[in-house]
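I opened the notebook to record what I looked up in one structure. The entries follow in the order in which I made them.

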2 protein chains.
Amino acid sequence: MNGAETLVTTALAAGIEICFSNPGTTEIPLVTALDSVPGIRAVLCLFEGVCTGAADGYGRMLNKPAMTLLHLGPGLSNGLANLHNAKRAHTPVFNVIGEHASWHRSADAPLTMDIEALAGTVSKWHRTCESPATLSRDTASAIAAAMQGQVSTLIVPQDYQWTECGDHRISLPQFSFDAVDQDSIDRAAALLRTHEKALLFLGGKALRKRGLEAAARIMAATGCDVLSETLFAHMERGAGIPPIERLPYFPEHAVAVLSKYRLVVLAGVEEPVAFFGYMDMPSRLLTADQQAVRIDGENQDLPEVLESLADALGAPRKLALETNSRAASSKPDLPSGPLTRENVCMVLAALQPEGAIIVEEAVTTGGSYYPLSATAPPHSLLTLTGGSIGQGMPCAAGAAMACPDRPVINFQADGSAAYTVQALWTQARESLNVTTMICSNRSYDILRVELARSGQVSPGKYTISLTDLADPAIDWVQISQGMGVPAVSVNTAERLAKELSVALAEPGPHLIEMVL
Amino acid sequence: MNGAETLVTTALAAGIEICFSNPGTTEIPLVTALDSVPGIRAVLCLFEGVCTGAADGYGRMLNKPAMTLLHLGPGLSNGLANLHNAKRAHTPVFNVIGEHASWHRSADAPLTMDIEALAGTVSKWHRTCESPATLSRDTASAIAAAMQGQVSTLIVPQDYQWTECGDHRISLPQFSFDAVDQDSIDRAAALLRTHEKALLFLGGKALRKRGLEAAARIMAATGCDVLSETLFAHMERGAGIPPIERLPYFPEHAVAVLSKYRLVVLAGVEEPVAFFGYMDMPSRLLTADQQAVRIDGENQDLPEVLESLADALGAPRKLALETNSRAASSKPDLPSGPLTRENVCMVLAALQPEGAIIVEEAVTTGGSYYPLSATAPPHSLLTLTGGSIGQGMPCAAGAAMACPDRPVINFQADGSAAYTVQALWTQARESLNVTTMICSNRSYDILRVELARSGQVSPGKYTISLTDLADPAIDWVQISQGMGVPAVSVNTAERLAKELSVALAEPGPHLIEMVL
C-alpha cells in the first residue's frame, strides 16, 4: 500500500464518501488510489472553485466532510474563495492538495507556490505531510479537525503519495463534542429571567429544526425574541418548524432592530457586526450598554446547548403545535405579468416542493423571498455566508450530491453566477436534480444600491460601466446548453411558473433564465 | 482630492493607462475616482482571474504595468492563479485591492481575509496603506516596484479612499535599470572563449528581438549554441529575427540536450529545473560538473547585458543577413483532411499574419507549432509561464488591449479554456481583435500522457473519469455565443483554414472550435 492508498483507505474508514477534484500531475497517485481502494466517489469539476463550493454544499447538508483534491498552489488559489465561504459557514471540508515531490520543492519549479500561506487563510488546521509513515495519522487528524466544522487542509508531496508505507496501521479520526458548559447555561438562564428586553440571537447549527424548537421553548418560557444571523449556512424552515426572523443586512436597519434589547444571548454566532464599514456608521451593531453573552463553546453540539438552556429555564419539553411556535402552511398565490423582483420570489415560494433545498445567492432580487417562503412546505435554505460571490451554483451541485432524493433550487444572481458557471457542467455530468433560476437583471445591482447609499446620484461613464452587465447581455440559455444543461428563458411570471413546474417534474439539471 | 483620487492621479502621472477590474463595495471610491480623475480606461471583467490574466498579457506586450482593482481577499484569491503566471513571467502588474475601512477590520466581518498573506504569495512588493497621507507615495512605490518586472500589491482601506488628503503633492515612481556588471560580462566572455561546448541559455526579455540579435552575435563570435527557456513570457520571432530552439519540456529530453555542454551562460533565467519531480529523475537539469554562470542582475536591461557580452567578445556590431543568423521566410503548405494535432498547427503557422500575437496555451495539441512557425512572418509568442492553466483567454484579451493594431490569436486547450471562459465576454464588450482557436480534444490529455509515463497502462474508472471532458462534450460555439463572441465549429483542416481566414479578416473577437 503506497501513501496515496493509505490516505484513501484512512479517509474511507473515517466515512468520507465523495471527492470533488480537478487533479494534476502531482495528484496522479491519489487519482489512481481512488480506483485501487474503491469506495469514494470521484467527481470532476472544471474549475477548483466548483470543487470547493460543492464540498461546502455537501458538508452543509450532511454535517460531514467531503474530500477535495486540488492541484498545487494554483489549484488551491482557485478554490480559496469558496473555501472562505465554507470557513464562514463552519462547514466541515477535508481539503487535500498535492505538492511537488519533497526533494523537488527547493528547485522552485514554475508551479511552486507557498501553499501553506494560502491554506492558512481559510484553514484552522493545515499541515504539510512530512513522511509517508505519518500519512494515515495526518489524514485522520485532518478529518477530525474538519468534523469540528472547519476547513482542514492536508498538503501531500507527490513522492509520499507514490512511496510504499511501511506502517499499514490505519488511524481513525478522534472526534466528539465538548460537554455543554452548565455554568454558562445557568448564568444565561438567570439573565434571561431578569431581563424584559432580551434577544436570543442564533447562528450556525442553531438554525436547524432541533435548535429552533429549543429556541421556541426558551422564547415561550421567557418572552424573549429570537433572531437569526443575516447570512447562514443552512436553516431548516417552513411549515411545522418554529419561524425566525433574520437580522437585516444594512447596519442602520440592523441597529434599529437590535436597539430594543438590553440583553443579547448568542448561540452559534458572534456579536453582530456590519457587513461593510460605512461612513458614520458603527462596525459593531451592539452598544456598550447592551449586554451580550455567548452560551456555546467552539466545539459543542448547538441544539444540545439550546435544549440545556430551555431545560434550565424550566420550559416544557414539548411545545404544542401552536401558531406562535410553528409556522403555518400557506403559499402565496401565483402572480402574473412581466417579471419583477417581487413576483419571481412569489413564484418560487409558491412552487417549491416539500423537502426542497434552496441555495439562495439572489442578492438584490431575493429580498422578499425569505418572508414569502416562511410558510412554504418544510425546506432547507442555504445562503452566502462569506460574501464571496460565485458560491450558489457549486453549492447547489454539492447539496444535490449529498441529498439525491431532494430537489435543489438555486436562486441565483447573474453576476455571481458568471464567477463559477463551470458548475453547470458537473450538474449535467452527474445528472443532478438542480434547477437554476438565474436573475438576469444584467447589472451588479448591489453596487448600484451601494452607490446610491454613498450619495452618488449621477454616476460617471466608468462607474456605470463597471456595474453594467448588459453590453453584451449574457445569454444564459446558450451558456447552459453549452455546458450540457437544458435551459429556457422567460420574462413573465406565468412562463416562469410553467417552466419551474416542468423543471421540477423532470429529473436532472435545468436552468431558467429570468429576464428582469 | 480624496485618497482614491490621489491614487488615480498618481497612477496617471506614472503612465498607467488601463485598469482591469471587478470591484465591490470596498472599492467604490476608487471606481468613482476613475471618472472624476479621467484618463485611465476602466475595463470590467466577469471574474478576477480574467482581470489579472489580462493585466499579465498587457504587461508582457507593453513592458509597463496595467492596474487591477479587485475586491477584498476573495477578489484577490480569484485573481491569484494568473498573478502567479505573471510573477513567473516577470510581468509588471500594479495590483490594487480594496480593504475594509481601517476601523472595521477588527470586526472580522464576513468578507474579512488575511489579504497580506494572499498578496505575499505572488507579490515581491506588497503593502497595506496606513494613512491617506501616504497614498500617493505608496502608489508611486508600488508602481516603481512593478516596473522592475513583478507583481506589486497595494491594499487600500476604504476609509482612506474616501478621506480627503491634506497633502496634495503627487509622487512619481523612481525607476531605472541597474548598470550592467562589467566584471560578470568579462568573466563570462573569458569562459566562452575557452569552452568549446558552451550554451547560452536565454529567458525573459532576452527573447525579444534586440536580445536575440545580441545572442546571434555572441554565437557568431564564439560558436556557442543558444537555447530558450521552455515557457517564456514573450518571444519575438519569425522571419528576419534570429531563430532559437527551446529547451524540451520533459526532463529526460531536456537533460539529453543539456548534457552536451560543459558551460551554460544564463541570461534572464535561472538554472533549468524539471517542471515536475519524477521518480528516478533529477530536479535540477545540470550536473555538478557543468559550469553555470549568470550574467544579468535582478534589475538590469537584458538586451543591454547581452550586447555588452557581444561587445566584450569583439563580435561585429551588425550581422549580415545570413540564413544562420536570421530566420528565413517560409510557410507550411495548407494541409487537408480531418483535424489532427499536427495539421491544426500547420494551418495556424501557414495563416498567421505579420505582427500577430500568438497566445499559446494549447498544451498537448500545440507540440509541433513552435518549429512550424519559426519561419512565419514576424510575430510575438506568449506562453504559460507559471503552469497555472486558464491563462490564455485573459492574456489574449490583455494583449489585444495593449496592441489594438495587431491581430491576437489564442491557440487554446479546451480544459484550460474552461477555467476562465468569462474572458470571452470582455473580448466581446471591448470588441477586441482576438481569434480563439479551441483545441477540443475533450480530455485533460496531458494527464493521460503523465499517466502513461508513470506506468499506468490500464487506468480505472475514476482515473479515466477525472481526465475526461467528453461527457458531456462542452459546446464551445454555444458558450462563446452566450458570452457575445461569434463562433463556429470545424473538424477538417480545410474548414479551419477557411474560418481562420474569415476571423482574421473581420474586426472583433471570434472563436473557432476545432473538434479533434
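How many residues of domain 1 of chain A are in contact with domain 3 of chain A? I found 24 residues of domain 1 touching 24 residues of domain 3, where contact means that the C-beta atoms, placed from the backbone, lie within 7 Å.

**Ground rules.** I note that this is a predicted model, in which local features need pLDDT of at least 70, side-chain atom pairs count only at pLDDT 80 or more, and totals for chains, interfaces and linings use all residues. Residues are numbered from 1 along each chain as its sequence is written, while chains are lettered from A and ligands numbered from 1 in the order in which they are written.

**Domains of chain A.** I looked up the bounds, which come from an automatic or database domain assignment: domain 1 is 3-162, domain 2 is 182-312 and domain 3 is 341-515. The centres of domains 1 and 3 of chain A, taken over C-alpha atoms, are 29 Å apart. On the side of domain 1 that touches domain 3, α3(A) gives the largest share, 11 residues. Helices here are DSSP runs (H or I, at least four residues), as are strands (E, at least two), numbered from the N terminus. I sorted that side of domain 1 by class and got 14 nonpolar, 6 polar and 4 charged residues. Ala, Val, Leu, Ile, Met, Phe, Trp, Tyr, Cys and Pro count as nonpolar, Asp, Glu, Lys and Arg as charged, and the others, Gly among them, as polar.

**Chain A against chain B.** Here 79 residues of chain A are in contact with 79 residues of chain B. Helix α4 (residues 72-89) of chain A gives the most to its side, 8 residues. I then laid chain A on chain B: a turn of 180° and a shift of 0.0 Å along the axis give an RMSD of 0.0 Å, by least squares on the C-alpha atoms of residues with pLDDT of at least 70 in both. The two copies are thus related as by a two-fold rotation axis.

**A sheet in chain B.** I traced an open sheet of 6 strands with parallel pairing, in the order β2-β1-β3-β4-β6-β5; strands pair if DSSP finds at least two bridges between them. β2 (41-44) and β5 (125-128) of chain B each have a single partner strand, so one side of each has no neighbour in the sheet. β5(B) and β6(B) pair over 4 bridges, and B:T128 stands opposite B:I155 in β6(B).

Methods:
Contact = placed C-beta atoms within 7 Å.
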